[in-house]
Number of protein chains: 2
Amino acid sequence: MRCDVVAIGTELLLGQIVDTNSEWIGEQLAIAGVDSHFQVKVGDNLRRIVLALRESLARSDAVIACGGLGPTQDDITREAIAEVLNVPLRRDPALVDRVRNMFQARGRQMSDNNLRQADVPEGATIIPQVRGTAPGLICPVGHKVIYAVPGVPQEMEEMVLRAVLPDLQARSGATATIRSRTLRTWGLAESALAEVVGPRLEALERAGNPTIAFLASGIEGIKVRITAKAGDEAADRALLDAEESELRALLGDVVFGVDDETMEAAVARLLIDAGLSLGLAESLTGGLVGARLTAVPGASDWFRGSIVAYDSAVKHRLLGVPDGPVVSEQAALAMATGSAKVLAADVGLGVTGVAGPTEQDGQPVGTVWMGLAMDGEADAVRVQLPGDRDRIRQFAAISLLDLLRRRLLGRK
Amino acid sequence: MRCDVVAIGTELLLGQIVDTNSEWIGEQLAIAGVDSHFQVKVGDNLRRIVLALRESLARSDAVIACGGLGPTQDDITREAIAEVLNVPLRRDPALVDRVRNMFQARGRQMSDNNLRQADVPEGATIIPQVRGTAPGLICPVGHKVIYAVPGVPQEMEEMVLRAVLPDLQARSGATATIRSRTLRTWGLAESALAEVVGPRLEALERAGNPTIAFLASGIEGIKVRITAKAGDEAADRALLDAEESELRALLGDVVFGVDDETMEAAVARLLIDAGLSLGLAESLTGGLVGARLTAVPGASDWFRGSIVAYDSAVKHRLLGVPDGPVVSEQAALAMATGSAKVLAADVGLGVTGVAGPTEQDGQPVGTVWMGLAMDGEADAVRVQLPGDRDRIRQFAAISLLDLLRRRLLGRK
């Protein structure tokens, strides 16, 4: 089963919006075991949308057309599909009522343009909308099919998961289910990770199910994705559970989270489990670490606050950093113990370093000292980080969170 | 002149990487006045790359093929172009030397695979690489042309600007130059902005040059892009300067920056001009404001630091916030004056509010108080922000920076 994606919208071609819809659909198709060999962006032009749809139908079994279902004159995906199918558009009375009622319920005036959203190519099935006002379409073309979904990401995602993927799988006659799980890692380069997991990778390649793929994700580390293809969901889950255990045995505490779990969420969980509160002192990160931690809902239960001591005088006065260079072991130690004390927290973390663009106190760009104070002890670690100012700051933030995560794990 | 973009890489189709290259190229083509009607993603498969290139050549005058020029077996863009052109690949001796020398200079072992980067389809011109190891290609096909550029964004961007766009413009015989400038705004909704600029927009639509477009950019406000098309660069610049003045007269201090200038850079410039230092007190933003300000190189000249007082006790103890509700005018005022005092700064800013997911002290989610202390006076402003936890925090951060920006402007 092969399915193209056609993203429709002139703003996509002009670089005004990044086409993240195709990326999301591509990932869902891959997980569902459907091949997507071509993905196309085309503007709001009838002749060209028709051409793009025809080309996609010629090379694939299915096409997901994304966008151009709104109420304005620019939204012509319905017309284009009708032309490809060589059928007329018919205004669906039930859809007309639905659009009218929606406007009435919101107390808003409806222009007649909105009724265009009730137009359906003859022979097509409607995918009822649950968010927004634009219904989707399932349009059979011989033994092939065109799906139309809205361009608004949340509306599109909901409709693809609810109606498009199940229809695609039914058409493909696939009885296998496909399920994946992602282990998120920090602290090993891709080559080192590949070496550690190597033997397991070879064994799996011989067996063929589940499979493993690496995905380097920059400042979020490297993801290890396990994909299982079995007869049913329970069998998939059993395969994923078994493989996760195998990989965790090899990778140990390099794995910090599963699927969407962020580093800050992992730290939050460990702090809550240990019943500990946290205080920070940040220098080169300027607030990045605090911002990440407070992105976790409920952070006020365990996060006391952060002293962003960007100016050296603030480090000395508020945190008790001794006179001398502020990118140093002594400074990181004092920032960790000082933040715990000033913020009345159980655990104190401090980070100081040189983000660039120029060196500082004779220390090269990328030099970072991280301090940790916990259980009456304090120590500091030095790392040398690569990249430009932004990357060094981001790497410093996640490195500091990872240091805390490992220490909390070790404390258990 | 019409130019397709073909982005090559299986990881693009699987949703593992967002194709930002096509977006960037699309924007550059639009600015250069070249139409880009179709943009395609295709995987690392010879037959399918060949098909995508042929289809693009059939409907357009030029194709930019992006990616697949590296040294590995997956990188087969050179082979695909040779097949489309129906010519052999020839190994270029000068390129071979260059690749060898690069490895020698870095003291690294070179595998023979790397020499594939010296393969050139017969009749093609080389675009010498200045970053990375992969040269680009200009491959004429009759009166049409295929360009090949690397998939690494920095290498691609440099090569497109240096070699591809000039070649495209020379081929199109275009004598007009196109240049655009973007005014970045904060504080007006798109409909209000359109109303203010309305009369100017109508006048320009009649004249046709320059043109104006709005681009809603979420938490970065709304961009107003002016595009001028004239006989030469000086004439373009004169048109842009004149139009910028017209728009600034209508929009006033709603415009915070031009082109890539961020809100934090605008604030930094104003603080430096005024010779003032800044201290912060953040609550719901958790460090976001400090992180944005310290992203500006040289921030240590004017940024003292931030007290991220997430815990109420920290607000009371460190910042002198009076007992009582911490999402309030009194709290915002105390945070502003307290931060200036504790951090020994000329200007103090404070922000407190309810990011959600649940209400706090009877205040609904999205309630935000911002305080500003400067020149011996302090006041506070209340805003009600829309969206989820992340959006409220981001909106609060830029709103606070904008408040400071307007006050610094008013002080002049």
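Modeller: Start with β10 (residues 211-216) and β11 (residues 222-230) of chain A, which pair antiparallel over six bridges. This is a predicted model: local features need pLDDT of at least 70, side-chain atom pairs count only at pLDDT 80 or more, and totals for chains, interfaces and linings use all residues. Residues are numbered from 1 along each chain as its sequence is written, and chains are lettered from A and ligands numbered from 1 in the order in which they are written.

Biologist: What makes β10(A) and β11(A) a pair?

Modeller: Two strands pair if DSSP finds at least two bridges between them. β10(A) and β11(A) have six, so they pair by that definition. Ala216(A) stands opposite Ile222(A) of β11(A). Five residues lie between the strands of this hairpin, and Gly218(A) takes a positive phi near 55 degrees. Strands themselves are DSSP runs of E with at least two residues; helices are runs of H or I with at least four, and both are numbered from the N terminus.

Biologist: Which strands make up the open sheet of 10 strands?

Modeller: The order is β17(A)-β16(A)-β15(A)-β13(A)-β14(A)-β14(B)-β13(B)-β15(B)-β16(B)-β17(B), with mixed pairing. β17 (377-384) of chain A and β17 (377-384) of chain B are at the edges: each has a single partner strand, so one side of each lacks a neighbour in the sheet. On average, neighbouring strands are turned by 15 degrees against each other, direction ignored.

Biologist: What lies across β13, β14, β15, β16 and β17 of chain A?

Modeller: Helix α12 (residues 329-342) of chain A does, running at about 145 degrees to β15(A). Angles run from 0 to 180 degrees between N-to-C directions, and axes are lines fitted to C-alpha atoms, for helices over the stretch in contact.

Biologist: How do you know that the copies are related as by a two-fold rotation axis?

Modeller: A rotation of 180 degrees with 0.2 Å of shift along its axis puts chain A on chain B, with an RMSD of 0.3 Å. The copies are thus related as by a two-fold rotation axis.

Biologist: What makes you say that the copies meet through the same surface?

Modeller: 100% of the interface residues of chain A are also interface residues in chain B, so the surface is the same. Contact requires C-beta atoms, placed from the backbone, within 7 Å. By that rule, 52 residues come from chain A and 53 residues from chain B. β14(A) gives the largest share of chain A's side, seven residues. Gln39(A) has Lys41(B) as its bridge partner.

Biologist: Why is the crossing of α9(A) and α13(A) called left-handed?

Modeller: A crossing is left-handed if the near helix is turned anticlockwise from the far one by less than a right angle, and right-handed if clockwise. α9(A) passes α13(A) in the left-handed way. The axes of α9 (residues 263-274) and α13 (residues 389-411) of chain A come within 9 Å and cross at roughly 35 degrees. Contact residues include Leu270(A) of α9(A) and Leu408(A) of α13(A).

Key
Contact = placed C-beta atoms within 7 Å. Least-squares fit on C-alpha atoms with pLDDT ≥ 70 in both.
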